[in-house]
Amino acid sequence: MNEDRAAEARAKAREYLRTKGTLTPAPAISERIAEAFRAFDAFVTPLSAAQAARASIPGEWTIHEIVDHLVETHRPGLDELRCLLAGRRPPGEPIPAGLQSKAPLQRPWPWLLEELRRVHGKILETLDAAPPDFTTDARAPLVMVVNLKDAEGRTAPLHWVEDLDWKAYAVVWRLHVVDHLNQARKVLAAIGA
């Protein structure tokens, strides 16, 4: 990957997180995250377990696996947010970008949807409980992933670890959910549903 394009992508992501996270009032961040959570839930709720588990694009997760991934990454992310709001850096390594459960397709679809709603509800409760003017020097490491086109026009992921303040960390949930909502829409379209 071209290092100039990679540096430009990292700079653009940092500026986005600064303007849409760090410098944005906490209630506005919470509302934008809530909108993304609602949109994702509205998309996946009507799907049957069979639709969600159906593979349609080689190399892509099923919708069931996407929801599993969101549960598995957002649950520890909530713990990391709680650390940040307590003024501490979360212990350990950043949450892996491609984290899934050990057997994602073995989890019952209704349970998975309910668990995602529960985790998202707790994230929003935690954000809404934070004082609007809360500040801390604590930062959490987060694996950033940005998709770039390579020289041949193929999409290639760029990964790096970025230390984020609590508001920038939180706004990544919106980006994460929107990205996976778009992925789920693509997968469902390929199924022909």
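This is a predicted model: local features need pLDDT of at least 70, side-chain atom pairs count only at pLDDT 80 or more; totals for chains, interfaces and linings use all residues.
Residues are numbered from 1 along each chain as its sequence is written. Local features need pLDDT of at least 70, side-chain atom pairs count only at pLDDT 80 or more, totals for chains, interfaces and linings use all residues, and side-chain values use heavy atoms, with hydrogens and water left out.

The protein has six helices and two strands. These are DSSP runs: H or I of at least four residues for helices, E of at least two for strands, numbered from the N terminus. Their order along the sequence is α-α-α-α-α-β-β-α. The C-alpha trace spans about 45 × 40 × 30 Å along its principal axes. Of the 193 residues, 45% are buried, meaning under 20% relative accessible area with a 1.4 Å probe, protein chains only.

Helices H2 and H6 are in contact.

| Helix | Residues |
|---|---|
| H2 | residues 26-44 |
| H6 | residues 166-191 |

Their axes, lines fitted to C-alpha atoms over the stretch in contact, come within 9 Å and cross at roughly 20 degrees. H2 and H6 are therefore roughly parallel, the term for angles under 35 degrees.

H6 also holds Tyr 169 and Trp 173, four residues apart, about one turn of the helix. The structure holds two aromatic pairs, and Tyr 169 with Trp 173 is an edge-to-face one, 5.6 Å centre to centre with 85 degrees between the planes. Rings pair if their centres lie within 6.5 Å, the six-membered ring being used for Trp, and planes over 60 degrees apart count as edge-to-face. Both Tyr 169 and Trp 173 are buried.

Notes
Rings of Phe, Tyr and Trp (its six-membered ring) pair if their centres lie within 6.5 Å; planes under 30 degrees apart count as stacked, over 60 as edge-to-face and the rest as tilted. Buried means under 20% relative accessible area, exposed over 50%, partly exposed in between (1.4 Å probe, protein chains only). Axes are lines fitted to C-alpha atoms, for helices over the stretch in contact, and angles run from 0 to 180 degrees between N-to-C directions. Angles under 35 degrees count as roughly parallel, over 145 as roughly antiparallel, 65 to 115 as roughly perpendicular and the rest as oblique. Ala, Val, Leu, Ile, Met, Phe, Trp, Tyr, Cys and Pro count as nonpolar, Asp, Glu, Lys and Arg as charged, and the others, Gly among them, as polar.
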